[in-house]
Structure formats: C-alpha cells, structure tokens
Amino acid sequence: MQLYEPQPSYLMYAFGGGWEVMAYIWQNVFKRTASDANWWYMQGNSCKLKAQYAGSIPVRYWWWSAYAGCQLAGLSQYLTALAIVAAFCVIQFLILTIWAAISGLVIALLLGFNFLYGNYFKIFFRCPDCHEQMSIPIYVCPACSTEHTRLWPSVYGVFHHRCAKCNSKLPTLDVLGRKTLVQKCVSCKRPMNPDVGRLINIHIPVIGGPLTGKSNYIFMATKRFTEQYARPRGFEVTFPDKNHQREYENNIRMLSSGMELVKTSNVVPQAYNLAVKKPREWIGRILYIYDAAGEAYSDENSTLLQTYYKYVHGLIFVIDPFSIELYRRQHESEINAVRSAVRPSTLSVMDAYGRMLAILESSIGLKSSKRLQLPIAIVISKTDALGLEAQIGQIAIRELMNRDPSIRFEAEASKQLIERFLEENQLGNLVRDLNLRFENVGYFACSALGRMPDASDHRPYEPIGVLEPLLWLLGKAGVVGVRQGLTRRMDEQDKAMAKTKGNIFKAVKFYYWDSLRPRR
Amino acid sequence: MDDLIGYLVTIALVVAVVVAVVIAVLSFGGFILGGIAAAGMVTGAIKGTNNFFIVLKEAHDRLP
C-alpha cells in the first residue's frame with residue numbers, strides 16, 4: 001500500500017503550494033529591492049562625484065555625508081526587505097508545519113479507520129471480471145475523465161482532491177460522494193459497479209462439468225430467492241450492475257417462455273453480483289456468484305485460471321446424475337430415449353471434484369489433516385427426469401420424514417437420501433472424501449427447470465428445490481438467518497406436539513426434555 | 001593686563017566661533033547623512049512592504 005503516489009491532482013497548500021510561495025518570495029522580493037536600492041546608490045554616486053569636484057572642504061564634506069546617507073538608505077532597503085521576508089518565512093514555516101502535521105494526523109486516522117472498517121466487515125474491492133483484489137480502484141473524474149488511482153485522503157487533499165486537468169473537486173471519502181464516481185478495476189480497467197467495495201463480500205462459485213445445469217440453476221435460484229425468500233421478509237435484493245440485471249431479466253424471460261439458456265462459454269467467468277440487505281441492517285452483502293463454463297473443470301490449465309477461489313465463502317457443486325457412470329449404465333435405455341432432452345454431462349463427477357480440490361489446494365491450501373470450514377452444497381440436478389424426484393427429491397424427502405419422525409429437518413432427510421444414492425452408484429468415495437475434507441457438507445436435489453426441455457412446450461419452467469442449497473449456503477455465510485428460522489419452526493412444532501401429549505406433566509416433559517434430546 | 005585679557009577673550013571668541021562653525025558644518029553633514037539614511041529607511045519600509053505584497057500575490061497567482 002503506497003501512501004503517496006503521484007496523482008493528476010494538485011498537492012495540498014501545506015504540502016506543495018505553501019512551500020513554493022516561500023521559495024518564490026525569497027527569490028523575487030530581493031530582485032525588486034535591488035532596483036529600489038540601486039536608485040539610492042545612483043544618487044550616492046552622483047553625490048560622490050560632486051564631493052570629488054567640490055571646491056570647499058565643508059561642501060565636499062556635505063556631499064560625502066550625502067553619499068554615505070545614500071549608501072545607508074540603499075542598505076536599509078535590503079535590511080527592511082530582509083526583515084519582512086524573514087518574518088514571513090518564519091510565520092509561513094510554522095503555519096505550514098502545523099498544518100501539514102494536523103493534516104497528516106487526520107489522513108492517518110482516516111486511512112486507518114478505512115482499513116480497519118474494511119477488514120472488520122470484510123469489505124474488499126474485488127473485480128467481478130478479472131477477480132483482482134485492489135486496495136482502491138481507479139476513480140474517473142466526471143468532468144474530464146482523468147483517472148485517479150489514489151483518490152483517498154492524502155497529501156493531495158484530506159477530504160477532496162482537485163483534478164489537475166479540469167480543476168474539479170473530487171471527494172476522497174464515500175460519505176462525501178466518492179461512491180457516485182465511476183470506478184474501474186486497476187488490472188483489467190473495466191468499470192466496476194458502485195456496490196463493489198461498499199458491501200460485505202460473499203463469493204460463491206457454482207462448480208460442475210459441462211451441461212450439468214449450472215446456469216439454469218443460478219438464475220432460477222436467484223429468482224426463487226428474490227421472490228419467495230427475500231421479498232416476504234423485507235430484504236432488499238438489487239443488481240448493482242445494470243448489465244447483470246439485464247442478463248438476469250433476459251434469462252428469466254427465456255426460462256419463462258419454456259426456452260433453455262444458452263450454454264455458458266466463459267472458462268474464466270465474470271462474477272454475477274447481487275446485493276442483499278436485511279431489514280435494519282447497516283451494511284448489506286454483495287454476492288459474487290461465479291458461473292464458469294463446465295469446460296473450466298475439463299482440463300488442468302483451465303482449472304488453474306479460476307483465481308477467485310482464494311476468496312470463496314461457500315461452494316455449490318452440481319452433479320448431473322446422468323454423468324454418474326453406474327447410474328448411466330443401469331439406465332442406459334431410458335437415458336437414450338430422452339438423451340436430447342437431458343443432455344448428460346460429459347465430465348465424470350470425480351474428475352470435476354478432483355479439479356475443484358486441486359484449485360482449493362492451490363488457492364487456499366487445502367490440508368488432508370484439517371477439515372475445511374468452507375460449506376459445500378452438493379446439488380444433484382435434473383431430478384425431473386427418470387423418476388429421480390421420487391427417489392431423492394422433495395417427494396422422497398417428505399416420505400422419509402413421515403416414515404422417520406426423528407428427522408426434523410428437510411436438509412437432514414435430503415442428506416440421508418443423497419448420500420445413499422451416491423453410495424449406491426459407486427460414489428461412496430466422494431461422500432467419504434467430502435466428509436473427510438469439509439466440516440459443512442449439505443446434500444440437495446433439484447430440478448432447475450422442473451420438467452424436461454421440449455422445444456414445442458412454451459410453458460414457463462417451474463424449478464423444484466433450487467432455493468434450499470442457496471439458502472443453506474447463505475445461512476452458513478451469515479447472509480440470511482436460516483438457522484433462526486428453522487429453530488423457530490422446530491420450536492413451534494415441539495409446542496404443538498407437546499399439546500398433544502395429554503396432560504400438562506407429559507407436555508412439559510416432552511417440551512423441556514424429550515424434544516431436546518440429541519438425535520443421531 | 002587688560003589688553004592681555006582682551007586678547008584672550010578675543011582669541012576665545014574667535015576659537016568659539018571657529019569651533020561653532022566647525023560643529024555647525026559637521027552637524028549639517030551629520031544631518032544630511034542621517035536625514036538621507038532615515039528617508040531611505042522609511043522608503044525602504046514602505047517600498048519593501050509594497051514589494052513583498054506584490055510578490056506574495058504573484059506567488060499565489062502562480063499557484064494552480
């Protein structure tokens with residue numbers, strides 16, 4: 001972090017102009033004094049001439065006195081000027097020194113506060129396009145488009161910098177209006193939306209091989225989150241980037257017309273930003289959702305380009321059930337019948353998982369001896385096909401919870417079902433490895449489209465189970481209070497159950513003892 | 001004796017006159033010197049202050 005980097009701005013008076021004024025006065029006042037003093041010296045020389053040619057001694061003496069007087073008068077011009085300049089320089093020096101010291105202190109306090117505030121709340125400037133983290137972005141002068149790389153309290157100004165090109169005053173703090181200026185990434189120079197660097201960063205990559213349905217999942221989950229979760233709870237959900245909003249609206253329009261999204265082509269994805277603010281929350285969150293093309297996990301070189309992994313707060317790992325070898329072999333004829341609709345992913349689950357681990361190892365130093373705190377949601381997609389919904393989806397979850405009342409949460413039931421599904425399909429090693437490496441693993445099943453794509457069917461797609469993985473992850477990242485909601489719901493269920501226990505003693509025993517007993 | 005006193009008084013008077021004239025001549029020279037020097041100081045103070053403010057204004061005008 002550099003405190004003082006040359007900027008296209010004018011230095012503060014205390015650090016630049018004030019000292020230049022002192023130097024200019026020192027250099028120029030005596031030039032003017034010299035011309036005044038010379039006038040006296042010329043008068044003196046004339047007196048001297050007259051003294052040399054005067055007849056009588058007194059007259060000669062008087063001319064010599066006049067000559068001496070003129071010399072003294074000339075000298076006094078310099079002495080007076082020297083006294084004035086010296087007094088000015090001493091006062092100016094004191095003023096500038098005190099001014100610079102106070103400004104330096106205020107600058108240090110403001111920079112220190114900004115640094116601590118950013119680090120405490122985990123607010124960072126991270127480019128959604130090239131994923132570079134920067135201490136401060138480039139701010140663009142609104143009047144002349146000059147780029148200012150260090151628009152913060154500095155020797156160029158504590159609260160404002162003055163653009164050297166157009167003389168505009170540019171605020172150095174967000175509270176003074178800096179956030180209204182266009183900000184650009186220092187690395188790729190692309191404009192960044194105004195919420196980058198102002199809200200708490202939450203980074204979530206959606207991982208999976210090609211054609212696993214990641215993009216469909218992201219947009220449908222966003223829609224469900226906005227409409228079904230955030231809006232009823234009074235959350236503010238906005239797209240800080242107008243391009244992202246346009247892209248979201250276009251994609252939702254396509255999905256609402258029964259059309260599938262175009263396959264993602266970016267191997268290094270642009271993060272898709274969503275700002276989320278809870279009611280009465282001071283600082284909101286900015287979600288960076290990364291949707292890399294499945295090809296990003298097809299080879300090692302592409303995998304290593306996923307540099308944003310060093311920031312991640314949670315992972316969504318999408319598994320296409322039709323890319324599971326055993327499942328594919330067992331259901332070959334059924335899959336072949338709907339192959340064009342389900343479009344099985346070409347990358348094996350373990351290959352995608354292995355590459356994801358390789359990135360985590362290189363970016364955050366994954367250790368085999370220590371489990372990662374990072375939550376990972378394992379999402380089995382395309383459950384609308386081949387009766388998977390009844391096997392691992394919402395239907396199966398409800399059935400299992402009805403069969404086994406000790407399972408209180410849907411996530412718990414989903415975990416049991418999907419773990420069993422993966423183990424039955426020779427992916428037990430994946431389940432074991434996940435439990436070995438990750439502290440928080442959630443298992444979910446979803447269908448982003450809700451039905452199989454059909455070019456002749458223009459009914460809107462109705463997703464199933466897309467919200468749960470995202471909510472679980474956002475709950476783990478502290479964006480939403482999922483745990484509090486579940487606890488409240490469970491408590492209400494316990495109260496209702498207690499009331500059915502017959503007498504008050506049994507009800508109290510159930511509520512305060514039986515319901516609190518650990519289950520598994 | 002009276003003549004002697006008269007001579008002495010005359011000499012004293014002449015000396016006094018000569019000394020007074022010399023002192024007057026010297027004083028006039030000192031007055032000229034002092035007057036010119038004082039005038040120089042006064043004009044120096046006025047012009048110096050004036051020059052200082054002119055240069056100070058120039059210096060600030062040069063600043064962006």
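# A walk through chains A and B

Start by selecting strand S11, residues 272–277 of chain A: five of its six residues are buried, so S11(A) is largely enclosed by the rest of the structure. Before you go on, bear in mind that this is a predicted model.

To see how they line up, click on Glu236(A), which stands opposite Lys277(A) in S11(A).

Pick Ala275(A) here and look across to S12(A), where its bridge partner is Ile286(A). If you're wondering what holds such partners together, strands of a sheet pair through backbone hydrogen bonds, either parallel or antiparallel.

**A four-stranded sheet**

Next, select strands S3, S4, S7 and S8 of chain A. In what order do these four strands sit in their open sheet? Reading across, you get S4-S3-S7-S8, with antiparallel pairing. Strand S4 (147–148) and strand S8 (191–192) stand at the edges with a single partner strand each, so one side of each has no neighbour in the sheet.

Zoom in on S3(A), residues 138–140, and S7(A), residues 182–184. Three bridges link this antiparallel pair.

**One residue in a helix**

Time for a helix. Select H3, residues 214–230 of chain A, and find Asn216(A) within it. Is Asn216(A) buried or exposed? Its relative accessible area is 10%, so Asn216(A) is buried. Show what surrounds it: leaving aside residues up to four places away in sequence, Asn216(A) touches Leu255(A), Glu260(A), Leu261(A), Ala448(A) and Leu449(A).

Move on to helix H11 (residues 394–403) and helix H12 (residues 410–424), both in chain A. Two packed helices are described by the angle between their axes and the distance between the axes. Here the axes come within 9 Å and cross at roughly 105°. That angle makes H11(A) roughly perpendicular to H12(A).

On the H11(A) side, pick Gln394(A), Ala396(A), Ile397(A), Leu400(A) and Met401(A). They meet Glu410(A), Ala413(A), Ser414(A), Gln416(A) and Leu417(A) in H12(A). Colour this contact by residue type and you'll find six nonpolar residues, three polar and one charged.

**Zooming out on chain A**

Now show chain A as a whole. You have 16 helices and 15 strands to look through. The C-alpha trace spans about 140 × 60 × 45 Å along its principal axes. A compact globule of 520 residues would have a radius of gyration near 24 Å, whereas chain A has 37 Å. Of those 520 residues, 49% count as buried. Take the contacts between residues at least 6 apart in sequence, and 72% of them join residues at least 24 apart.

**Last stop: chain B**

Finally, select chain B, which has one helix and zero strands. Its radius of gyration is 27 Å, well over the 11 Å that the globule rule gives for 64 residues, so chain B is more spread out than a compact globule. Its C-alpha trace spans about 95 × 10 × 10 Å along the principal axes. Colour chain B by burial to finish: buried residues make up 22% of its 64 residues.

Terms used. Residues are numbered from 1 along each chain as its sequence is written. Chains are lettered from A and ligands numbered from 1 in the order in which they are written. This is a predicted model: local features need pLDDT of at least 70, side-chain atom pairs count only at pLDDT 80 or more; totals for chains, interfaces and linings use all residues. Side-chain values use heavy atoms; hydrogens and water are left out. Axes are lines fitted to C-alpha atoms, for helices over the stretch in contact, and angles run from 0 to 180 degrees between N-to-C directions. Helices (H or I, at least four residues) and strands (E, at least two) are DSSP runs, numbered from the N terminus. Angles under 35 degrees count as roughly parallel, over 145 as roughly antiparallel, 65 to 115 as roughly perpendicular and the rest as oblique. Contact means heavy atoms within 4.5 Å. Ala, Val, Leu, Ile, Met, Phe, Trp, Tyr, Cys and Pro count as nonpolar, Asp, Glu, Lys and Arg as charged, and the others, Gly among them, as polar. Two strands pair if DSSP finds at least two bridges between them. The radius of gyration is taken over C-alpha atoms; the globule rule is 2.2 Å times the number of residues to the power 0.38. Buried means under 20% relative accessible area, exposed over 50%, partly exposed in between (1.4 Å probe, protein chains only).
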